Amino acid sequence: MMQFGWWLLSFLARALEPPERDVVLGDLAESGAGFGLAMGDLLGLIVRRQVGLWMSWRPWLALFGVCGLAGLSLSRIVFRLNVDLYKRYAAHYATDLTDRQELAFFLCMAGALLVWSWTSGFVLGSLSGRAVWLTWSLFYFVVLNSAWARFVLDGNIILRNPLTHEAPLDSLQGTLRFLMAATLPRTIAALLFLFPALFGAFVGVRSRTLAVPHTYLIGSVNVALALLTTWATGWYDPAHLPAGWPGVPWPVRLLPFLLVSWPAAYLLACTIPMGSHPKDQTRSDMREP
Amino acid sequence: MLGEFEYLLLSAAARLGDGAYGAAIRRGIEGATKRRCSIGALYTTLDRLEAKGLVRSWMGDPTPQRGGRQKRMVRVTGKGVQEAKAFYDAVSRASQGVGWATDRARGLS
């Protein structure tokens, strides 16, 4: 088999657990099978293992809890931060807040986005294991697109190509622009989400759990940020809403921040010992009897 | 009761004895059935048998022929032997008086 073929097989085999990866690549080398057969064998095993992962509740919790619940709430925060940054620093709308108040608001939102993204990414990686490539991709698309997609579906935003004024999917160029907008992180808020969420997932897949002091720290920071952002948004809303609008009541403002903080609550719950973790139950203890 | 492929795997592993590992078992199954055995089917079945306590597996030494990679060695447990014997007995009983089984028995004698 050609060198590139082996490289490709070794790369794909990374989807398997390290001991099994070694065994399977060894079996393929020993069998002397051609590239096509070896690839078919390897992909067959990877598909079976990936399907097997979904027999557990953990990836499902990652899918509905992190991608769904936390992802939708994070998406609203990313969208809100983008809109507020645009209004203040691109369109220069007057918000009736002092520069110091605005800076505090943006720092609070940005800090919260960083911490919530890391925590969600960590829990996603911890729950998904080797299915993380799928759950993380979905999480990314939900966070980047769900908030504005809701506005598009409600008819509050109409998508048009700024140059040709065509609908985005009317031409190849428009379709490509639309796909790029939906897949690439092109705003500050998207980047504030992307890097911590990626790093969190990477750590989560590797270590699965945090040390107890770190868990308490993450939990405390999440609670503090939920309260701070609730306070800051309340302080911001009445100032830029038309006169006579009372602004959103604090429990309503707190709710999305609580939803986005549930991964921290999950981490805290995991510090209570509830039996062995699946990672400790290796398929065999890989020692000669 | 074992499945057909589980029985084939247990038989191949038992026949190989101390030399039973993934690739050798696969060759054994392919030789017996004259059909291709996929790595996916082999290792997922092996995991299932191990979860049922019918085989035990561990990592063996790497060999140059495998590019220095380890083998997954397999040993059939006592419970595995019992289950395989029960399956074989059931198939033998079910085959009594059946045309293809009696023809085969005559051919062998």
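Which pattern does chain A follow when read along the sequence? Chain A follows the pattern α-α-α-α-α-α-α-α-α-α-α. This is a predicted model, in which local features need pLDDT of at least 70 and side-chain atom pairs count only at pLDDT 80 or more, while totals for chains, interfaces and linings use all residues. Residues are numbered from 1 along each chain as its sequence is written, and chains are lettered from A and ligands numbered from 1 in the order in which they are written.

**View 1. Chain A and its helices.** Chain A has 11 helices and zero strands; helices (H or I, at least four residues) and strands (E, at least two) are DSSP runs, numbered from the N terminus. Of the 289 residues in chain A, 29% are buried. A residue is buried if 20 or more other C-beta atoms lie within 10 Å of its own, exposed if 12 or fewer, and partly exposed in between, with C-beta atoms placed from the backbone. Among the contacts in chain A with a separation of 6 or more, 78% join residues 24 or more positions apart; two residues are in contact if their C-beta atoms, placed from the backbone, lie within 7 Å.

**View 2. The largest nonpolar core.** This core has 45 residues, and those with the most contacts inside it are A:Leu74, A:Val78, A:Leu113, A:Leu124 and A:Phe193. A nonpolar core is a set of buried Ala, Val, Leu, Ile, Met, Phe, Trp, Tyr and Cys residues joined through C-beta atoms within 7 Å. H5(A) gives the most to this core, with 11 residues. Leaving aside residues up to four places away in sequence, A:Phe193 touches A:Leu74, A:Val78, A:Leu113, A:Ser117 and A:Val143. A second, separate core of 32 residues includes A:Leu28, B:Leu10, B:Ile39 and B:Ala84.

View 3. H5(A) has 30 residues and reaches 43 Å from its first C-alpha to its last, close to the 44 Å expected at 1.5 Å a residue; the expected span is 1.5 Å times one less than the number of residues. A:Gly129, with a positive phi near 60°, follows H5(A). H8(A) has 20 residues and spans 29 Å between its first and last C-alpha, close to the expected 28 Å. In H8(A), the buried residues include A:Ala189, A:Leu192, A:Phe193 and A:Pro196. Just after H8(A), A:Arg208 takes a positive phi of about 65°.

**View 4. Strands S1 and S2 of chain B.** S1(B) and S2(B) pair in the antiparallel sense over five bridges; two strands pair if DSSP finds at least two bridges between them. The bridge partner of B:Arg56 is B:Arg75 in S2(B). Four of the five residues of S2(B) are buried, so this strand is largely enclosed by the rest of the structure. B:Met59 is found in strand S1 of chain B and counts as partly exposed because it has 18 C-beta neighbours inside 10 Å.

**View 5. The contact between chains A and B.** The contact takes 21 residues from chain B and 21 residues from chain A. On the side of chain B that touches chain A, H3(B) supplies the largest share, six residues.
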